[in-house]
Amino acid sequence: DRPWRPVTLDSLPLRDDLRGRSPYGAPQLDVAVRLNTNENPYAPSAELVDALGKASTLAATEANRYPEREAEALRADLAYYLTPDAGFGLHTSQLWAANGSNEVLQQLLQAFGGPGRRALGFEPSYSMHRLISLATATQWIAEDRSDDYTIDPVAAADAVRRHQPSVVFLCSPNNPTATALPLDVVKAVCVAAEEIGGCMVVVDEAYGEFRRSGVPSALTLLPEQPKLVVTRTMSKAFALAGARVGYLAAHPAVVDALQLVRLPYHLSSFTQAVARTALAHADELLGTVEAVKAQRDRIVDELPTLGVRVVPSDANFVLFGLFSDQRAVWQGLLDAGVLVRDLGLPGWLRVTAGLPGEMDAFVNALRAVLAASP
Ligand code: PMP
């Protein structure tokens, strides 16, 4: 055991723009009811576990070789999967996959952001848009959403013209506020992005499968919007967060751009095999979506009866409040064995729609916390 010379983070030649920053991450606490990271509560069935195991074993027989670098077969499967939501057939060349949609977002910023460039978002929204911008040395510009957390299409287009970003982030359904964007907002931003020239519009649809009926996906706009990118993930509706698979649909030229920044063999053969097996079981996995949506709707209906406000949800989570001290409510719930998310949004907390029993526990704990400190 040789002693290591001490070193502190401050003494390392870290980039100035990263100094004083904290890593992103929700607490991973050992709590009975975990409703804080928008996971799907349904573990894979025994049959699917078996199929995933077999796919991994098969991949293991060739583990001495690098994986298929372009992940063509997986991208073809994803293209097929997206077809109903898009309303038209997609091609492998219009799909791209990486280790979680966070990596897809990072690759987009590596290709289209970077030093001297700006990314624009409408907050509150998914904080990784800001943090990945920072990590890729892209200047982050935040515009506020309206008081009801919607985005006004005229104001959004105006923000694009004023700030002249290289990348605009829209999140639909938006994390943490949960409501999907009407397509006129996406269209208005795309038109403004075309006007200023050279601006990509990224619609993060990580929670797309949980949309209420009648809310179309931004995928439907792809044919007419060459700079539009729609990102998705297998972490939520597909109940595959552990496998780390995210993807996007866009014009093939966008995929060509991402090929310039992706690391060679970035998607392991195990990941590709597991993702393809999950896609082959899409019906089973997506069968959980309706059950999750039912619990989401139940929370949206039930919390107001406790005097709690909710924001309309197209996702697998609900933003609820308004508390004079949301941290105290968060702590009270945690003390009762229920972990929800405090995103630092004054007055609000976010709860993921879990199993029926978990939601019972959540509602009962919340009732007790509110009774103790109204
Ligand atoms: N986008 C949004 C809006 C999210 O909430 C998340 C996960 N919390 C992601 C992207 C990233 O998910 P993943 O990397 O697991 O695909």
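Two strands pair if DSSP finds at least two bridges between them. Strand 5 (residues 167-171) and strand 6 (residues 200-204) meet this condition, because five bridges join them. The model described here is predicted. According to an unreviewed UniProt entry, residues 33-366 carry the annotation "domain: Aminotransferase class I/classII large". Over residues 33-366, the chain is 42% helix and 16% strand.

- Seven strands form an open sheet in the order 2-8-7-6-5-3-4, and their pairing is mixed.
- The edges of this sheet are strand 2 (95-98) and strand 4 (139-144), each of which pairs on one side only.
- On average, neighbouring strands of this sheet are turned by 25° against each other, with direction ignored.
- Strand 5 and strand 6 run parallel, and V168 has V201 in strand 6 as its bridge partner.
- Strand 7 and strand 8 are antiparallel and share five bridges; here V229 stands opposite A250 in strand 8.
- Strand 2 and strand 8 are also paired in the antiparallel sense, over four bridges, and L95 has A249 in strand 8 as its bridge partner.
- Helix 6 (residues 183-196) lies across strand 5, strand 6 and strand 7 (228-233). Helix 6 runs at about 180° to strand 5.

**Burial of strand 8**

- Strand 8 (residues 246-250) is mostly covered, with five of its five residues buried.
- Both faces of strand 8 are covered.

- A three-stranded open sheet has the order 9-10-12, with antiparallel pairing.
- Its edge strands are strand 9 (309-310) and strand 12 (349-352), and each pairs on one side only.
- Strand 9 is joined to strand 10 (residues 317-321) by two bridges, and the two run antiparallel. The bridge partner of V310 in strand 10 is F320.

**Around the ligand**

- The ligand is surrounded by 13 residues, and the closest are G100, S101, A206, T233 and S235.
- Helix 3 (residues 100-112) supplies the largest share of this shell, three residues.
- Sorted by class, the shell holds four nonpolar, eight polar and one charged residues.

**K236**

- In an unreviewed UniProt entry, K236 is listed for "modified residue: N6-(pyridoxal phosphate)lysine".
- K236 sits in the loop between strand 7 and strand 8.
- K236 counts as buried because 27 other C-beta atoms lie within 10 Å, and the cut-off for burial is 20 or more.
- Apart from neighbours within four places in sequence, K236 is in contact with N38, N40, A206, Y207 and N316.

**Residues with positive phi**

- N38, one of the contacts of K236, has a phi near 55°, a positive value in a residue other than glycine.
- N38 is placed in the loop between strand 1 (33-34) and helix 1 (46-60). N38 is buried because 23 other C-beta atoms lie within 10 Å.
- A239 is not a glycine either, yet has a positive phi of about 55°.
- A239 is in the loop between strand 7 and strand 8. With 24 C-beta neighbours inside 10 Å, A239 counts as buried.

**Cis peptide bonds**

- S172 and P173 are joined by a cis peptide bond with omega of about -10°. P173 lies in the loop between strand 5 and helix 6.
- G321 and L322 are also joined by a cis peptide bond, with omega of about -15°. L322 lies in the loop between strand 10 and helix 10 (326-335).

**L131**

- L131 is part of helix 4 (residues 127-135).
- L131 counts as partly exposed because there are 17 C-beta neighbours inside 10 Å.
- L131 and Y24 are 107 residues apart along the chain, and their C-alpha atoms are separated by 8.0 Å.

Technical notes: Residues are numbered from 1 along each chain as its sequence is written. This is a predicted model: local features need pLDDT of at least 70, side-chain atom pairs count only at pLDDT 80 or more; totals for chains, interfaces and linings use all residues. Axes are lines fitted to C-alpha atoms, for helices over the stretch in contact, and angles run from 0 to 180 degrees between N-to-C directions. Two residues are in contact if their C-beta atoms, placed from the backbone, lie within 7 Å. A residue is near a molecule or strand if its C-beta atom, placed from the backbone, lies within 6 Å of it. Ala, Val, Leu, Ile, Met, Phe, Trp, Tyr, Cys and Pro count as nonpolar, Asp, Glu, Lys and Arg as charged, and the others, Gly among them, as polar. UniProt positions are given in the numbering used here, feature names are shortened, and annotations may be inferred rather than shown by experiment. A residue is buried if 20 or more other C-beta atoms lie within 10 Å of its own, exposed if 12 or fewer, and partly exposed in between; C-beta atoms are placed from the backbone.
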